[in-house]
Amino acid sequence: MELIDAIQQIAILPNAELEKLLFITERIEVEKNSILIDKDRTSKYIYFLTEGICRIYYPKEQKEAVLDFCFPGDSILSLKSYVHNTPGYEIVDTLENCVLYRIPVSKLQDLYNSSLPISNWGRKLAELETLKIEQRLMQTLFKTATERYGDLLTKEANVLQRIKLGYIASYLGVTQVTLSRIRAEIK
């Protein structure tokens, strides 16, 4: 998905306002296994993924609890950093070489103060990110691991070739042995 499509998917901006947003946006290429957002650090950017896959996770004692995966077209941000300018809880790393666009939150805040359409766009971005968190919570509480696995396959069909099974098992909250059983059931 292209950057303009990702931006307009959040909320349609008039061309003049879109140009202001694009002016502060930077295209970056990030190698596999790089950290975009680190826990206990204030994230200074919001990202839009156009190529590759990222993983959102929390370190948990000796393990990692995978919260979600990001695919092209997704926005990536630490909501706590974005809203409160304080360190977040999560780590976001790249599972493949990635192409992203990043917007400095400080420059975006300046645009919010000078442009009502961009300010509304930013509010909508925060709302959509909040809904993503709610959706993850509802999936965890009310769907089985098999149902969540099916949802992941629907979202990204070739996920098994691109994401380590251990990460998928952690995302589902099951062991790799249980994931093998789920995969056998679905085939």
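1. In strand 5, the bridge partner of I56 is D68. This pair belongs to a predicted model, in which strand 4 and strand 5 run antiparallel and are joined by 7 bridges. The two strands form a hairpin with 2 residues between them, and there E61 takes a positive phi near 50°.

2. E64 lies in strand 5, which covers residues 63–70. Leaving aside neighbours within four places in sequence, E64 is in contact with R55, Y57, Y58, P59, Y167 and S170. The C-alpha atoms of E64 and G166 are 10.0 Å apart in space, although 102 residues separate the two in sequence.

3. Helix 8 comes next. The helix spans residues 165–172, and its buried residues are Y167, I168, A169, Y171 and L172. What covers the buried residues of helix 8? The cover includes strand 4 (54–60) and strand 5, together with helix 5 (116–142), helix 6 (145–155), helix 7 (159–162) and helix 9 (176–186). After helix 8 comes G173, whose phi is positive, near 75°.

4. For the student reader, strands of a sheet pair through backbone hydrogen bonds, either parallel or antiparallel.

5. Strand 3 has pairings on record with two strands of this sheet. Strand 3 (residues 45–51) and strand 8 (residues 98–104) run antiparallel and are joined by 6 bridges. Within strand 8, L100 is the bridge partner of L49, and V99 is the bridge partner of E51. Strand 3 is also joined to strand 6 by 2 bridges, again with an antiparallel run; here Y47 stands opposite I76. Why is strand 3 described as largely enclosed by the rest of the structure? The reason is that 5 of its 7 residues are buried.

6. The chain as a whole contains 9 helices and 8 strands. Its radius of gyration is 17 Å, close to the 16 Å that the globule rule gives for 187 residues, so the chain is as compact as a globular protein of that length. Along the principal axes, the C-alpha atoms fill a box of roughly 55 × 35 × 30 Å. Among contacts with a separation of 6 or more, 71% are between residues 24 or more positions apart.

7. Of the 187 residues, 44% count as buried. The accessible surface of the chain comes to about 10500 Å², and 51% of this belongs to carbon and sulfur atoms.

Terms used:
Residues numbered from 1 in each chain as written. Predicted model: local features only at pLDDT ≥ 70, side-chain atom pairs only at ≥ 80, totals over all residues. Heavy atoms only, no water. Pairing = 2+ DSSP bridges. Helix = DSSP H or I, 4+ residues; strand = E, 2+ residues; numbered from the N terminus. Rg over C-alpha atoms; globule rule 2.2 N^0.38 Å. Buried < 20%, exposed > 50% of the residue type's maximum accessible area, 1.4 Å probe, protein only. Contact = heavy atoms within 4.5 Å. Areas by Shrake-Rupley, 256 points an atom, 1.4 Å probe, with all protein chains shown as cover.
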